[in-house]
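Please look over the chain below before reading on. The dialogue takes up a few features in turn.

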Amino acid sequence: VHPPTMVATNQTSLQPASFLLLGMAGLEDLQTWLSIPFCLMYVATLLGNFVLLFVIVTERSLHEPMYLFLAMLAVADLILSSSTVPKALSIFWSLSNKVSFHACLTQMFFTHFSFIAESTILLAMAFDRYVAICNPLRYATVFTHSVIAKIGAAAIARSFCVMFPTIFLLQRLLYCGHSTMPHTYCEHMGIARLACSDISVNVWYGFATTLLCPGLDVVLIGVSYSLILRAVFRLSSKDAQVKAVGTCSSHACVILMFYTPAFFSFFTLRFGHNVPHHVHILLANLYVLLPPMLNPIVYSVKNKLIREKVSQILFRTGQLR
């Protein structure tokens, strides 16, 4: 029988009570200043995505597949940014830099969960554009409301199935009292690297899921857009070509904004050993903050119908005042 003190020690080393988040390690003097753009971008994210959701939900004319996917994207963006930015701001403002072990795992889960869900939705939107341009006569029969609901459920199920095992992969590790994390939020490999036991399973699981989820999504989106471009350039009418490219341009912008900082962050973290650590953290914050802020702006500017509906709501609000 093990003495009670030894059992307590083993439990402590297995799961630390809390983690200490250092924020932008190496840029501590600038954290107060960094909090200003972070806060403004987060407010813009909340405002933009809630307005977009409100417009899509309240306007019956927007209850079409493309706009329903946009609503899903807005929800994923809100979860992604709200899982990370408030804690980062509390660190920058010296309010709280501690997070309990289970709260850290919860934050990690929802951050990666919403990222994978958003990647799945972007893939569905690429397929939506492919059918709309390459097989317009079949569009209404392919993208019914029940199919869209199933795609939304599939995005949730896929994200859950990918991320749920990471909780157990992190709980099984020994941390040996290591509890200081040079980051603004908890993420899978950031937590795993604090362990004093073998993390090779975590490394390979993280690498495999990145390749098979967002990595595979990018390849399929690329195939979808190559087929779309081939179909567009076969159109005889120049006006039809311009219109088809216009409908895809906003989606293409969002895809670039979403995947570029995310993959850059992923590969520099694993292979960019000469890249300063604060650059890693800035990139990690960039992909959870920039796309959620810019997505509603891009779609509002590029999409005439959304632009008109937002203008109508703002005009009505102005009249009420």
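Predicted model: local features only at pLDDT ≥ 70, side-chain atom pairs only at ≥ 80, totals over all residues.

Q: Which residues does the UniProt annotation "transmembrane region" cover?
A: The unreviewed UniProt entry gives residues 33-55, 67-89, 109-127, 147-170, 203-232, 244-267 and 279-299; such annotations may be inferred rather than shown by experiment. In the model, residues 109-127 are 100% helix, with end C-alpha atoms 27 Å apart. Residues 203-232 are also 100% helix, and their end C-alpha atoms lie 42 Å apart. Helices here are DSSP runs (H or I, at least four residues), as are strands (E, at least two), numbered from the N terminus.

Q: How do α3 and α5 pack?
A: Two packed helices are described by the angle between their axes and the distance between the axes. Axes are lines fitted to C-alpha atoms, for helices over the stretch in contact, and angles run from 0 to 180 degrees between N-to-C directions. Helix α3 (residues 65-82) and helix α5 (residues 101-134) pack at about 165 degrees, with axes 9 Å apart. They are therefore roughly antiparallel (an angle over 145 degrees).

Q: Which residues of α3 and α5 meet?
A: Among them are F69, L73 and D77 in α3, and F110, E118 and R129 in α5; contact means heavy atoms within 4.5 Å. By class, this contact has 15 nonpolar, 2 polar and 4 charged residues. Ala, Val, Leu, Ile, Met, Phe, Trp, Tyr, Cys and Pro count as nonpolar, Asp, Glu, Lys and Arg as charged, and the others, Gly among them, as polar.

Q: In what order do the strands form the open sheet?
A: Strands of a sheet pair through backbone hydrogen bonds, either parallel or antiparallel. Here 3 strands are ordered β2-β1-β3, with mixed pairing; two strands pair if DSSP finds at least two bridges between them. β2 (98-100) and β3 (180-181) are at the edges with a single partner strand each, so one side of each has no neighbour in the sheet. Strand β1 (residues 18-21) runs antiparallel to β2, joined by 3 bridges, and L20 stands opposite K98 in β2. Helix α5 packs on this sheet and touches β1, β2 and β3; the direction of α5 makes about 90 degrees with that of β2.

How values were computed:
Residues numbered from 1 in each chain as written. Heavy atoms only, no water. Parallel < 35°, antiparallel > 145°, perpendicular 65-115°, else oblique.
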